[in-house]
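Here are my notes on this model, as numbered points. Please read them beside the sequence and the coordinates.

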Amino acid sequence: MNQAYAVAAVAVVVLATVLIGAYGLRISRTTSDFYVASRSVPPRLNAAAISGEYLSAASFLGVAGLVLAQGVDMLWYPVGYTAGYLVLLVFVAAPLRRSGAYTLPDFAEDRLESKRVRRVASAFVVGVGWLYLLPQLQGAGLTLGVVTGAPRWLGGALVAVVVTAAVAAGGMRSITFVQAFQYWLKLTALLVPAIFLVLAWQGDGAPRTTFDEPATFRERTKVTVEQTLRLNIKDPLGVAVHGRIDGVRHTGDKVALPPGPHRIDAGTVLEFAKGTAVPEATNGAYSSAGSRWSRPLSGSRDDHPLYASYGLIIATFLGTMGLPHVVVRFYTSPNGRAARRTTVVVLGLIGAFYLLPPVYGALGRLYAPELLLTGNTDAAVLVLPGKLFGGVGGDLLGALLAGGAFAAFLSTASGLTLSVAGVLTQDVLPSLGIRHFRLATCLAMAVPTAANAAVSNLPVADAVGLAFAVSASSFCPLLVLGIWWRGLTAAGALSGLLVGGGSALAAVAATISGRPQHGWPHALLAWPAVWSVPLGFLTMVLVSLATRAAIPASTGATMARLHLPEGAAGPVERVQGVGQ
Amino acid sequence: MIALCVLGTVAAAVALFAAGAAFGRLSARGGRAKDLGTPVERATFHTLHTASLAAPPLRAGLTEDTARKAARRLRSLLGTHALCLTDQASVLAWDGSGGHHRAQVMEQVGQVLENGRSQAFPVTCDDMDCQVRWAVVAPLTADNGALGTLAAFGSRESAVLVRATNEVARWVSVQLELAELDRSRTRLIEAEIRALRAQISPHFIFNSLAAIASFVRTDPERARELLLEFADFTRYSFRRHGDFTTLADELHSIQQYFSLVRARFGERLDVTLQIAPEVLPVALPFLCLQPLVENAVKHGLEDSVAKSRITISASDEGAEAVVVIEDNGVGMEPERLRQILRGEGGPSSGIGLCNVDERLRQVYGDDHGLVIETGVGAGMKVTARIPKYRAGVHSGPPLRRQPRAD
Amino acid sequence: MGRPVRTQSEINEQTTLGAAYVRSLMRSQLRAGLAAFAVLAVVLGSLPVVFSLLPSDLSLWPAGPTLVWAVLGAAAYPFMIVIARWYVRRAERNERDFADLVE
């Protein structure tokens with residue numbers, strides 16, 4: 001891949017983002033244009049902004065990588081990410097907008113009149129935000145690494161610096177325009193290469209039989225091992241080796257590896273003959289997807305695939321509504337009705353986007369199977385154009401994809417940083433005063449950056465899934481019960497947040513630290529939503545019933561505000577042209 | 001035959017007359033009983049009518065004048081020889097005979113006012129013809145304690161008089177309470193009007209109407225449009241419900257304000273707006289930007305001849321919306337500005353600034369007051385930082401009047 | 001506006017009457033939301049079980065894998081958009097009915 005094109009594309013994306021952010025709506029207007037200036041954001045623009053902020057590295061790179069490695073089951077990720085908006089629409093969108101709350105802690109305080117619930121909600125917002133920022137930084141490191149060969153930490157650090165600087169300097173002033181631009185950029189960046197790739201695939205005779213075979217090298221392939229690998233080979237494997245395998249140095253001679261575990265040192269170059277089955281790495285999170293890649297529930301890394309599917313479905317369906325950067329964008333809708341319509345458009349926009357990553361995943365399995373060997377499957381989207389085209393065309397498409405991927409990191413990371421920093425200034429560091437937003441921004445970014453350096457091998461989409469699980473177990477019960485049940489009390493909300501969200505968080509911590517590797521304990525901790533969401537709901541309801549006497553006095557008024565359509569009992573609408 | 005006929009006719013006539021008379025009497029008796037009321041009912045009507053006559057003077061409060069008018073009606077209501085109304089210190093009105101007992105009554109009034117209970121006592125009199133022999137004094141109370149007493153006098157001790165006096169005193173008390181209510185409502189309206197006058201200066205209204213009038217002949221269409229803007233603007237400014245509005249509505253009102261000002265000053269006023277659409281739904285105290293804009297216009301236009309440039313910007317700063325209003329007018333001595341913000345600026349200028357600053361601090365806390373940068377001849381830049389969310393701040397209808405206790 | 005002031009002030013002042021209005025609106029909106037959610041949950045939620053029951057021998061049902069890809073990769077999205085549009089229409093109709101009721 002030509003580095004110059006890719007670097008230029010990334011630079012253009014960063015520059016465009018900062019410029020639109022700073023000057024997007026700073027064009028002066030005179031009074032005659034007042035209506036233009038003071039008109040609210042139309043649902044379409046706002047929907048594009050919400051989608052732009054939402055489609056993260058997990059969507060742009062992670063989904064394709066997971067599909068490549070584990071097959072059709074992984075399509076539940078994009079389906080779940082989209083369904084989350086549908087659930088948000090039917091239970092949360094309009095009432096949340098009508099509450100006037102800007103953040104989730106605002107909603108908690110508004111509904112329950114309790115500073116304590118607010119503080120706990122703030123802690124969870126920060127936790128979920130950090131958990132979600134981590135894979136963004138990892139993805140950035142991966143992208144920059146693939147594109148320029150830079151070390152992994154550098155890309156993450158670059159995104160961290162750009163986002164922190166932009167947010168702290170107030171460069172995200174016209175964030176709606178920035179994020180809407182990012183959506184269309186991401187869609188274009190994924191769509192245009194996809195069209196060319198599919199055409200190339202058809203020109204190649206549209207091979208598809210290999211979909212149900214173990215991945216094989218379709219031609220003679222050289223693979224450079226960047227990190228020391230452990231392989232577990234099932235069938236004897238013949239390969240030309242330039243480097244060290246199992247402690248023995250080879251210089252280009254053909255080696256026959258017997259079945260069993262092998263160790264390949266970093267820097268070794270392996271040369272596979274055409275038609276060789278791809279051996280898969282075991283030191284990543286993956287094990288073999290086996291021969292049933294296109295069949296559901298057949299060969300993922302989990303011992304309990306059905307349970308894992310439901311864990312994923314529940315977390316993504318119910319977790320979207322609790323993501324801090326999602327909620328904040330709804331504030332921009334002028335009223336509840338517009339919030340609803342905006343959400344429908346969002347469903348359309350992200351649905352259209354999610355048609356594309358599976359294409360990359362499937363083509364990646366055909367044309368870039370060595371990613372399975374190195375465990376670097378998240379790079380599938382980035383390397384495909386080079387594999388199918390080569391030359392300037394491939395370079396340009398690759399550059400477009402790299403730019404799109406960077407747009408994904410920038411938009412999601414800046415939205416998250418803004419939300420986390422806002423909560424940190426308001427609820428965690430209030431003693432420092434309002435003006436310490438910059439300090440909070442640095443802190444909001446510093447923690448995930450540090451974690452990024454420490455935890456390096458978490459697959460991007462997986463880490464995002466964990467953030468969803470925590471959000472679904474804490475904020476989903478709070479929002480749904482808060483909006484639809486008058487009986488919710490501050491004590492109930494508090495204990496529900498702590499028990500549901502806390503247990504999900506503990507499970508996430510155990511999974512990231514890699515404690516139980518197999519069997520039910522691993523499945524339960526890796527997919528906590530199945531039990532932690534009902535636990536959160538149950539705790540909230542039971543404790544609220546036990547503390548029934550403490551239902552906030554203003555519940556009736558708040559409920560009326562959340563549910564009454566604007567205009568029915570709202571302010572008298574202006575009548576234009578009186579006397580006609 | 002003829003005689004028979006006459007007889008028959010006469011007989012029929014007599015019979016008819018008798019029947020008619022009987023019916024007439026019957027119907028007359030029945031009608032009187034049903035339609036015009038029994039004596040008891042008529043007494044009730046009489047009482048109610050008398051009471052209704054006594055009510056209007058009392059609704060104006062308890063003064064010598066109203067007491068005099070009411071006392072006559074009240075005495076006929078009670079049917080006593082004499083009746084008197086007092087306030088806390090003296091007799092306000094005495095109706096009927098025995099006016100020479102005033103001093104004697106006042107001796108008892110003190111006690112009644114003190115413990116708030118009615119008292120009855122015999123009246124000693126040297127005049128053998130004086131019919132005032134016995135007195136009942138009942139307190140007249142309103143929301144804030146006893147206002148005075150009602151005393152009724154009879155010729156002998158009477159339980160009926162005690163009861164009747166107490167009832168009438170209670171009725172009078174209700175009227176006085178209503179009078180209080182009327183007064184406080186008037187005060188409230190006055191206060192509101194005062195507040196509105198502070199919000200929209202009478203000069204502005206006068207000047208706007210004058211400017212509109214100047215277009216009536218030359219450009220009737222424009223005059224009509226301006227008049228509609230004016231109506232819309234004043235409707236917003238005078239609206240009654242809710243302490244909060246949205247930034248979008250406030251900006252809309254400012255736009256109308258500008259079109260009225262430009263009608264007068266034309267090209268001398270140059271306005272620039274930079275509004276981030278994200279902050280338009282932010283809730284903020286009603287009419288808290290418009291006075292700032294009015295201030296900027298005043299500084300820029302009315303105190304100088306040069307072209308006035310005003311910039312209004314609203315930007316999104318995370319959890320806050322930052323509104324900046326900047327003018328290139330005459331500016332102000334910082335010391336004088338400090339005076340104004342302390343509320344010592346005098347009536348002429350800056351009521352708006354002080355009022356807005358105060359309200360913002362009240363709603364959002366002391367660190368959200370106005371930040372003003374100015375110097376003589378250096379223009380003025382006013383910055384307001386408005387949190388996007390604050391508990392209890394909602395732009396909708398005033399669902400919750402009282403501030404919440406946290 | 002004019003006429004609606006009465007009912008609206010009932011609602012604003014939170015009399016028992018006003019609370020009843022709000023409650024009935026909430027109930028109808030919740031019903032619409034639950035209906036939409038139920039369709040989503042039943043249709044999409046049953047897919048993993050359905051997939052697990054598919055014959056594991058490809059020769060028995062060669063079109064199976066393609067179908068799974070088509071359902072999860074494409075058909076799920078328009079399905080969700082249809083539910084969303086139905087819900088929004090229903091919710092807005094509820095709000096209009098409510099506005100008519102309080103006028």
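1. Helices (H or I, at least four residues) and strands (E, at least two) are DSSP runs, numbered from the N terminus. On that basis chain C has three helices and zero strands. Along the sequence its pattern is α-α-α.

2. Some ground rules. This is a predicted model, in which local features need pLDDT of at least 70 and side-chain atom pairs count only at pLDDT 80 or more, while totals for chains, interfaces and linings use all residues. Residues are numbered from 1 along each chain as its sequence is written, chains are lettered from A and ligands numbered from 1 in the order written, and side-chain values use heavy atoms, without hydrogens and water.

3. Chain C, continued. Of its 103 residues, 39% are buried (under 20% relative accessible area; exposed is over 50%, partly exposed in between; 1.4 Å probe, protein chains only). Its accessible surface is about 5700 Å², and carbon and sulfur atoms hold 63% of that. Areas come from the Shrake-Rupley method with a 1.4 Å probe; for residues, only the protein chains shown count as cover. Take the contacts (heavy atoms within 4.5 Å) between residues at least 6 apart in sequence: 71% of them join residues at least 24 apart.

4. Chain B has eleven helices and twelve strands. Buried residues are 45% of its 406. The accessible surface is about 21100 Å², with 56% on carbon and sulfur atoms. Among contacts with a separation of 6 or more, 63% come from residues 24 or more positions apart.

5. How do α7(B) and α8(B) pack? Helix α7 (residues 220-237) and helix α8 (residues 247-265) of chain B meet at about 140 degrees, their axes 9 Å apart. Axes are lines fitted to C-alpha atoms, for helices over the stretch in contact; angles run from 0 to 180 degrees between N-to-C directions. The pair is therefore oblique. The classes are: under 35 degrees roughly parallel, over 145 roughly antiparallel, 65 to 115 roughly perpendicular, the rest oblique. The crossing is left-handed (the near helix is turned anticlockwise from the far one by less than a right angle; clockwise is right-handed).

6. The α7(B) side of that contact includes B:Arg222, B:Phe230 and B:Tyr236. The α8(B) side includes B:Asp249, B:Tyr257 and B:Arg262. The contact residues are seven nonpolar, five polar and six charged. Here Ala, Val, Leu, Ile, Met, Phe, Trp, Tyr, Cys and Pro are nonpolar, Asp, Glu, Lys and Arg charged, and the others, Gly among them, polar.

7. In chain A, check helix α10 (residues 175-203) against helix α17 (residues 391-428). Their axes come within 9 Å and cross at roughly 150 degrees. That makes α10(A) roughly antiparallel to α17(A). This crossing is left-handed. The contact residues are 14 nonpolar, seven polar and one charged. Among them are A:Leu185 and A:Phe196 in α10(A), and A:Leu400 and A:Gly404 in α17(A).

8. Two backbone points to inspect. Most residues other than glycine have a negative phi. A:Glu113 is not a glycine, yet has a positive phi of about 50 degrees. A:Glu113 sits in the loop between α7 (104-112) and α8 (115-148) of chain A. A:Glu113 counts as partly exposed, at 25% relative accessibility.

9. B:Leu287, also not a glycine, has a positive phi of about 50 degrees. Its loop runs between β8 (283-285) and α9 (290-302) of chain B. Is B:Leu287 buried or exposed? B:Leu287 is buried, with a relative accessible area of 0%.
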